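Q: I have just opened this entry and would like someone to walk me through it. Could we go through it piece by piece?

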Amino acid sequence: MKNGNGQTELIRAIADLEEDVALDLVRHSLADGVAPLHLVEACQEGLRQVGERYESQEYYLAGLIMGGEIFRQVMDLIGPVVTAHASLDISGHIVLGTVQGDIHDLGKMILEMLLNCNGFTVHDLGVDVSADTFVARVQEMAPDVVGLSGLLTSSYDTMRDTVARLRAGGYAGPIVIGGGQLSEEVCQYVGADYWTTDAVAGVTLCRRLVEEAHRDQTAPVAE
Ligand code: B12
């Protein structure tokens, strides 16, 4: 991977569903010291292109499945390298899950890995998680942050319902939504506090939210 910021060949290999080429590129890049998160970004772009080809009917469902499988294997290679650079300097709890009707979890897995590396305790509820389950687990865990993941347009209504149910259930903390197709408009529609399409930005946000909450708790009471 020598061109530009070194990601172009990997993007192409993923978009073309060339599993062996993609995995070799990742192995060599890691050996050359390329930052693992740059490789994740390249994979994300490659998968976006897989999605485009699916939409234009160049690929069928098998293409999406294959793209997801390649990415899962890339994660297996990248995971140990990312974990080796963990900085466990913050302690926060996050309840995380993919909302009901949606089974996309690769992005959620990256977020979880990065949160773990930053010292967070992540309660991952999995995929296709009902609003009832979110409410019950959030009441049980009292997390600092709730994260909802969703990649389908149809997930926006489920996210909206989940946010409303969490608020009705008494959770007053920050709710962050994440997923490749999200936007400010979607965030407002859903009624979440924050949104992101990027796990690194999500971790930075969660760190800030936890630090702010802890600072508020320890601030001296004004006389
Ligand atoms: C791989 C894939 C699949 C795999 C998923 C495997 C898995 N275990 O996740 C499989 C084959 C199962 C699949 C199924 C389907 N898929 Co699909 N899929 C994709 C694809 C190609 C890649 C998704 C992906 O993993 N991206 C890589 C990750 C790293 O990116 P990410 O998820 O966005 O996550 C990043 C950030 O968003 C963030 N993040 C994610 N979650 C969260 C949460 C929080 C709290 C935070 C802070 C951050 C965060 O962190 C990540 C890293 O930066 C996308 C294309 C695309 N444009 O994304 C289509 C896509 C999402 N799928 C699509 C469709 C249509 C489907 C199906 C309906 C197909 C079908 N006919 O059955 C089904 C739906 C199944 C269901 N009920 O959920 C459409 C959705 C269209 C729409 N507008 O709704 C897309 C956009 C493809 C397209 N262009 O048409 N899919």
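This is a predicted model: local features need pLDDT of at least 70, side-chain atom pairs count only at pLDDT 80 or more; totals for chains, interfaces and linings use all residues.

Q: Okay, which domains does the protein have?
A: The domain assignment gives domain 1, covering residues 8-84, and domain 2, covering residues 93-218.

Q: And how far apart are the C-alpha centres of domain 1 and domain 2?
A: The C-alpha centres of the two domains lie 25 Å apart. Where the domains touch, 10 residues from domain 1 and 7 residues from domain 2 take part in the contact.

Q: Which elements supply at least two residues of the side of domain 1 that touches domain 2?
A: On that side of domain 1, α3 and α4 each supply at least two residues, and α4 gives the most, with 7 residues. Sorted by class, the residues on this side of domain 1 are 5 nonpolar, 3 polar and 2 charged.

Q: Let's switch to the ligand. Which residues come nearest to it?
A: There are 39 residues around the ligand, and those that come nearest are Gly-51, Gly-107, Gly-147, Gly-178 and Gly-202.

Q: Which elements give two or more residues to that shell?
A: Those elements are the helices α3 (36-55), α4 (61-84), α5 (106-117) and α9 (199-218), together with the strands β3 (145-149) and β4 (175-178). The largest share of the shell comes from α3, which gives 8 residues.

Q: What classes of residue make up the shell around the ligand?
A: The shell around the ligand is made up of 17 polar, 15 nonpolar and 7 charged residues.

Q: Where does the ligand lie relative to domain 1 and domain 2?
A: The ligand lies between them, because domain 1 and domain 2 both give residues to the shell around it.

Q: Now the helices. How do α2 and α4 pack?
A: Helix α2, residues 19-31, packs with α4 at an angle of about 15°, and their axes are 10 Å apart. Angles under 35 degrees count as roughly parallel, so α2 is roughly parallel to α4. The crossing of α2 and α4 is right-handed.

Q: Which residues of α2 and α4 meet there?
A: From α2 they are Glu-19, Ala-22, Leu-23, Val-26, Arg-27 and Leu-30, and these meet Ile-70, Gln-73, Val-74, Leu-77, Ile-78 and Val-81 in α4. The contact of α2 with α4 has 9 nonpolar, 1 polar and 2 charged residues.

Q: What about α4 and α5, at what angle do they pack?
A: The angle between α4 and α5 is about 5°, with the axes 11 Å apart, which makes α4 roughly parallel to α5. On the α4 side the contact is made by Gly-68, Phe-71, Arg-72, Met-75, Gly-79, Val-82 and Thr-83, and on the α5 side by Leu-106, Met-109, Met-113 and Cys-117. By class, this contact of α4 with α5 has 7 nonpolar, 3 polar and 1 charged residues.

Q: Last one: are α1 and α2 roughly parallel or antiparallel to each other?
A: They pack at an angle of about 155°, with axes 8 Å apart, where α1 is the helix of residues 8-15; α1 and α2 are therefore roughly antiparallel to each other. The crossing in which α1 passes α2 is left-handed. Glu-9, Leu-10, Ala-13 and Ile-14 of α1 make the contact with Val-21, Ala-22, Leu-25 and Val-26 of α2, and these residues divide into 7 nonpolar, no polar and 1 charged.

Technical notes
Residues are numbered from 1 along each chain as its sequence is written. A residue is near a molecule or strand if its C-beta atom, placed from the backbone, lies within 6 Å of it. Helices (H or I, at least four residues) and strands (E, at least two) are DSSP runs, numbered from the N terminus. Ala, Val, Leu, Ile, Met, Phe, Trp, Tyr, Cys and Pro count as nonpolar, Asp, Glu, Lys and Arg as charged, and the others, Gly among them, as polar. Domain bounds come from an automatic or database domain assignment. Two residues are in contact if their C-beta atoms, placed from the backbone, lie within 7 Å. Axes are lines fitted to C-alpha atoms, for helices over the stretch in contact, and angles run from 0 to 180 degrees between N-to-C directions. Angles under 35 degrees count as roughly parallel, over 145 as roughly antiparallel, 65 to 115 as roughly perpendicular and the rest as oblique. A crossing is left-handed if the near helix is turned anticlockwise from the far one by less than a right angle, and right-handed if clockwise.
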